[in-house]
Amino acid sequence: MRGLVPTSLFVAVFLSCHSETKHSHQKSKRPDRAVPSLACDIRAGKISHTEFIARCPANCTQTKQPVYGTDVYASISSVCNAAIHGGIITDAGGKVIVRKMVGQDFYKGSFSNGVRSLSLPKWRESFTITAGKSKKGVLYPHTLHYISAHSTAVKTAQVLKNQSKGHQLTTAQPMRTSAALSSTASESSTTPTSTNTPTSKPRLMDHRHRVAGMPQVGAQRIDLDQGVHRPDPRATFWRPLGTAHVSAFPGRDRPPAAYPHSDWQAWSRQTSDAIHPVPESSYTWKGARMLERDGFTEQQQALLPKDPEPGPSGDPNCKVDIAFLMDGSWSIGRRRFRIQKDFLAKVAETIDVGASGPLMGIIQFGDNPETEFDLKAYTSSRDLSAAIENISQKGGASNVGKALSYLSGHFFTDAGGNRGRAPNVAVVLLDGWPTDKVEEASRQARESGINIFFVTIESPTEYEKENVLEANFMDKAVCRTNSFFSLPIFSWFDLGDAVQPLARRLCDTDQLVCSKTCLNANDIAFIIDGSSSIGTGNFRTMLQFVANVTREFEISDTDTRVGAVQYTYEQRLEFSFRQHSTKPAVLAAIEGISYWSGGTSTGAAIAYAAEQLFSQSKPSKRKVMIVITDGRSYDDVRAPALAIQRQGVIAYSIGIAWAVQEELEYIASDPDMEHSFFVDDFDNLHKFVPKIISNICQEFNQQPRN
């Protein structure tokens, strides 16, 4: 028997080595990699890889997908149409290699290979395209990973969490899979639970009804009005009498406003209630000072120290005017409506509402919107919280589009307390999805300068999306589709986690870009021909045209600014962007310009404007140049015009009488037909005022909402 042991050991070692050698040989074989396909509408910014190879289909030019730039393209561009524009592939399709790089300050538009690319002043990311021939030794991903709005929101939540210095300030949680749910269920199986069987939360409108027993993605929803016990997020906000108060908001020493819980549903105590204490229905939160006074007579209370009278309130670093659009539809039930009110009270306390800081009003929407109170109604968080407590649920559908239309015309008014210089913000709280369309109403609200945020609680599952009236409604509504303005919340019981992240975003005024409109976000330079061929009378007509255009804009040192240059052979700065900060002052300066008379050097005047005016322009301003001339320039206009456009200036040219069309097109930004105009007589100049204003606003509003 002893002689068999070495033999058996040898055989075992031999088989083991043979198996490992075979396995290693199999792993060394590199599988064939297929080139992933791209749709014509896929933009480079939607793909997470910094370098990848892909195959474009045929007939992409027919889709008219936008392209921005020449040779180097903004990442908002269609990959396949950019490849056709650059001559890498034809309209028959083919393989391309995409390499991403940092953004540029200017992307030049051009027409090439049947594709018109547009100019763009600035974008955060660029890319180049080369022929799709793989290099030896370079492995490209065989599957492309796309950046979704949801994953971006989760990433943003993680960044916010890291910035919170130890406080739990996360936003929405990612959707859980069924595997995750089963894992969670197994972990909590040791905790006794209620014998009631959870059912899907009913939707009371037919088109929002959730069929009983339908598979749900994420946590199951429960009809909270039927007495089924669920831990309530407000349980963290109450404490037994005599215990120390621990603020839910570090750095703030005053308690939240008192609220009675008389409308809570009565239920029998569950075994798990020891972990989630439930207050008595008659319980009312009391501050520490109030507890100290209990048990004293009125005479004794008079001798106790009194709370100091509040001084001027409000965080001056968060001066914004906020409208909260709260969901009053029947679909959420009384309990969820109460959670929504508690959330609003906590946000009001966190941002520190007051006359010196943020102001807050509330609109409740259902079938129709209704203002609960406007911006000027309450100037302290304490008073505002008490007013929120008294709001009653209206019921009805979830007509968000109707509420946004109402917001634009009725809420942000001088009579309603709108302060003008404070950014206007609207926060929509929504259960599930809207019951009407929001795109057009949202566009009008954004164009009027309102920054729209969406907080969506319990978004529709894959099985419910067929009931949604407007796909991607949140992206169509918010100020920018960069996840800053959207907060998807997994469950109503997670809504409290969004208080701090939302508060920080509301107070980050640098990010509230929709406060800027086409009428208040420009530096506009008028380049005025003062040559001798014009004459004094026609020169005054030109100045009247300049004044008419100026009247359409909101003029101040923080809104649109205006400057002017007059030129002949030489140039003269009539006034700079910084010189006049009110509309009457600018109009008076235009009227005071004296006629110079001389030759016509338009190219030198454009270069002069770049140096004397646009070098002083603010980075946040949209730079616009309007050149007015009546004849051929004595110098070259092409080089100065191209140079100033590369600085991000949008150039318009207006020719009168003897002006040369070719020069007007050289001066104007692409596309030429939208930026160059010709009129045969000075007296007809006024007809182009509406067209120029319309073009400036249309171009402003068509900027990609990144």
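Which residue is the bridge partner of Glu51 in β4? In this predicted model, with residues numbered from 1 along each chain as its sequence is written, the partner is Arg99. Local features need pLDDT of at least 70 and side-chain atom pairs count only at pLDDT 80 or more, while totals for chains, interfaces and linings use all residues, and side-chain values use heavy atoms, with hydrogens and water left out.

The chain has 19 helices and 19 strands, where helices (H or I, at least four residues) and strands (E, at least two) are DSSP runs numbered from the N terminus. Of the 706 residues in the chain, 48% are buried; buried means under 20% relative accessible area, exposed over 50%, and partly exposed in between, with a 1.4 Å probe and protein chains only. Among contacts (heavy atoms within 4.5 Å) with a separation of 6 or more, 77% are between residues 24 or more positions apart.

Returning to the opening pair, strand β1 (residues 51-56) and strand β4 (residues 94-102) run antiparallel and are joined by six bridges; two strands pair if DSSP finds at least two bridges between them. β4 is also joined to strand β7 (residues 125-131), again antiparallel, by seven bridges. Here Met101 has Ser126 in β7 as its bridge partner.

Met326 stands opposite Gln364 in β9. Strand β9 (residues 359-365) is mostly covered, as seven of its seven residues are buried. In a regular strand the side chains alternate between the two faces of the sheet. In β9, Leu359, Gly361, Ile363 and Phe365 point one way, whereas Met360, Ile362 and Gln364 point the other way.

Helix α7 (residues 333-351) and helix α8 (residues 381-389) have axes that come within 9 Å and cross at roughly 170°. Axes are lines fitted to C-alpha atoms, for helices over the stretch in contact, and angles run from 0 to 180 degrees between N-to-C directions. The two helices α7 and α8 are therefore roughly antiparallel to each other, a term for angles over 145 degrees, with those under 35 counting as roughly parallel, 65 to 115 as roughly perpendicular and the rest as oblique. Arg338, Lys341, Leu344, Ala345, Ala348 and Glu349 of α7 make the contact with Ser381, Leu384, Ser385, Ile388 and Glu389 of α8.

Glu439 belongs to helix α10 (residues 439-447) and is partly exposed, with a relative accessible area of 41%. Neighbours within four places in sequence aside, Glu439 is in contact with Glu470 and Lys476. The C-alpha atoms of Glu439 and Asp475 are separated by 9.0 Å, although these residues are 36 apart along the chain.

The structure holds 11 aromatic pairs. Rings of Phe, Tyr and Trp (its six-membered ring) pair if their centres lie within 6.5 Å, with planes under 30 degrees apart counted as stacked, over 60 as edge-to-face and the rest as tilted. Phe484 and Phe485 form an edge-to-face pair, because their ring centres are 5.0 Å apart and their planes stand at 75°.

Six strands form an open sheet of mixed pairing, in the order β16-β15-β14-β17-β18-β19. β16 (571-575) and β19 (676-679) stand at the edges with a single partner strand each, so one side of each is left without a neighbour in the sheet. Neighbouring strands of this sheet are turned by 20° against each other on average, direction ignored. Strand β14 (residues 522-529) and strand β17 (residues 622-629) run parallel, joined by seven bridges, and Asn522 stands opposite Arg622 in β17.

Helices accompany this sheet. The buried residues of helix α15 (residues 602-612), among them Ile606 and Tyr608, pack against β14, β15 (561-567), β16, β17, α16 (638-646) and α17 (661-667). Helix α19 (residues 689-701) lies across β17, β18 (650-656) and β19, running at about 165° to β18.
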